[in-house]
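Hello,

Here is the structure we spoke about. My notes on what was found in it follow below.

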Amino acid sequence: MNELTTLVLDYVKKEYLEAEDDRQLTPQTKLISGGIVDSFSMVSLKRFLERKFQIQIPDADASPEAFDTVDSIVALVQRFRQKK
Amino acid sequence: MYSDKLRQTYQQELKTIADAGLFKRERFIHSAQSADIVCEFPAGAKPKKVLNFCANNYLGMSNHPEVVKAGQKGLAERGYGMSSVRFICGTQDSHRELEQRLTRFLGTEDTVLFPSCMDANGGVFEAVLTDQDVMIADRLVHASIVDGMRLCKAMTDTFKHSDMGHLEEKLQEHKDRRVRLVVTDGVFSMDGDVAQLDRIVALCRQYDAMVLLDDSHATGFMGRTGRGVHEHCGVLGEIDIVTTTLGKALGGASGGCVSGRKELVELCRQRARPYLFSNAVAPPIISGALKVLDLLESSTALRDKLADNTVTWRRMLKEAGFDIKAGDSPIVPVMLYNAKLSQDVAYDLFQEGIYVVGFFFPVVPKGQARIRTQMSAAHDKRHLEQAIEAFTKVGRKYDILGKGKNEIVAKYGP
């Protein structure tokens, strides 16, 4: 697992799982459609990515589909980093 | 045109709901709402006498003789309805009187009535916040708050349920917003736990944030004189916005309100769309609610009885060996974890004369199915004794007494 994937996965675990939640998350786990992250809580993830990587993700690109797995989030971040 | 093809499309949609086990069927009650009711279930079956353990009738006001009488008086003297929204010709003096009485009862500055608390929550956010603000909500707030937040242009964020450390992180993170509004239920409706409102208020003071409290499952009985969770937590007078309902402890009919800082309440009166575009609350409901407040301000006997019933019921369930969620509120969830088990146990309890409902995903998280029991001041000792006898019998049948999560899941699946 590369550094970027690990970083996003760790943030998702810390931000969205309760202490007693023993679900195992992988980069392919469905976050939004799997009920782990709701659309309201996505904002903190978006802000985290924007701050951490000094990028701007337009609301139109921050779709539930783009945020549905750690892999898709990483792809999104890479796309906007390249655009910088 | 509603063609055959379109009909089939909708029939398929309904089938999908049913196939997922999510189709809700109503049970017909042939009596007034009370601890003892007559219920037809399933539809077409002979109506049967059962004890009601799943109503929000916390203080037994739904069929309280004095409240019914007051409703009848309101009906006779002020008519059936207003045929108008409030600001055209729908406001009677009694509407304003009830708003002032609620203000006094809730310890706030002003109040505006809504057709329901669902509508109050649907309208309040967009009335008082802009796109420069942020709403930071507990992750388990009621669906009506979620809908209200969706209708508002302010940024949304959430904190882990009742996690004050996480809330503090969020308040720090959103220091740049014009207004920070922390949003919480007073009593959480599915778990029955109480918000740490004193700590929330302290954090909001520290980080210059406002608090919105939905106290629908608390107004009338939480706190020494039943004002709500703000009284229970010692922060009466410190909540910027309280939303609550007349549809539970305060009479059980319908109606809700936004109560709080007078400028915010006035903004709701000017801008909140469910207030502006819905009929005024009907006169008999206003009269009934005024009587409820008379009763609650003259004596704490009903909230005291509810508190005693809650302690007794929690003790009875624990002694019988059920796995219940801890808490101080009259919402007492009996944990069964498995969705089918929750439906089977509820069905068997109905056969034993106890009306309860099993809740499972998506109403509660996956693997957290339960039966939500709710205490009422209308329950007497005999009701609790009859109920625990039935619960014990059914609990034995399914061999879940004395068993915790792991054992129940091992036997019935997650």
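**Domains, core and a helix pair**

Chain B splits into domain 1 (28-57 + 301-412) and domain 2 (64-298). Please keep in mind that this is a predicted model. The centres of domain 1 and domain 2 of chain B, taken over C-alpha atoms, are 28 Å apart. Their contact involves 16 residues of domain 1 of chain B and 13 residues of domain 2 of chain B. On the domain 1 side of chain B, α13 (301-320) and β11 (331-337) each supply at least two residues, and β11(B) gives the largest share, three residues. By class, that side has seven nonpolar, five polar and four charged residues.

The largest nonpolar core numbers 117 residues, and Met135(B) and Ile354(B) have the most contacts inside it. Helix α5 (residues 117-128) of chain B contributes the most, with seven residues. Both domains of chain B take part, with at least three residues from each. Leaving out residues up to four places away in sequence, Met135(B) touches Phe125(B), Leu129(B), Met149(B), Cys152(B), Ala154(B), Thr156(B), Leu181(B) and Val183(B). A second, separate core of 14 residues includes Leu31(A), Val37(A), Phe67(A) and Val77(A).

In chain B, helix α2 (residues 65-78) packs with helix α12 (residues 283-298) at an angle of about 140°, their axes being 7 Å apart. The crossing of α2(B) and α12(B) is right-handed. Residues in the contact include Val67(B), Ala70(B) and Gly74(B) from α2(B), and Ile286(B), Gly288(B) and Leu290(B) from α12(B). By class, the contact of α2(B) with α12(B) has nine nonpolar, four polar and four charged residues.

Regards

Definitions and conventions. Residues are numbered from 1 along each chain as its sequence is written. Chains are lettered from A and ligands numbered from 1 in the order in which they are written. This is a predicted model: local features need pLDDT of at least 70, side-chain atom pairs count only at pLDDT 80 or more; totals for chains, interfaces and linings use all residues. A nonpolar core is a set of buried Ala, Val, Leu, Ile, Met, Phe, Trp, Tyr and Cys residues joined through C-beta atoms within 7 Å. A residue is buried if 20 or more other C-beta atoms lie within 10 Å of its own, exposed if 12 or fewer, and partly exposed in between; C-beta atoms are placed from the backbone. Helices (H or I, at least four residues) and strands (E, at least two) are DSSP runs, numbered from the N terminus. Domain bounds come from an automatic or database domain assignment. Two residues are in contact if their C-beta atoms, placed from the backbone, lie within 7 Å. Axes are lines fitted to C-alpha atoms, for helices over the stretch in contact, and angles run from 0 to 180 degrees between N-to-C directions. A crossing is left-handed if the near helix is turned anticlockwise from the far one by less than a right angle, and right-handed if clockwise. Ala, Val, Leu, Ile, Met, Phe, Trp, Tyr, Cys and Pro count as nonpolar, Asp, Glu, Lys and Arg as charged, and the others, Gly among them, as polar.
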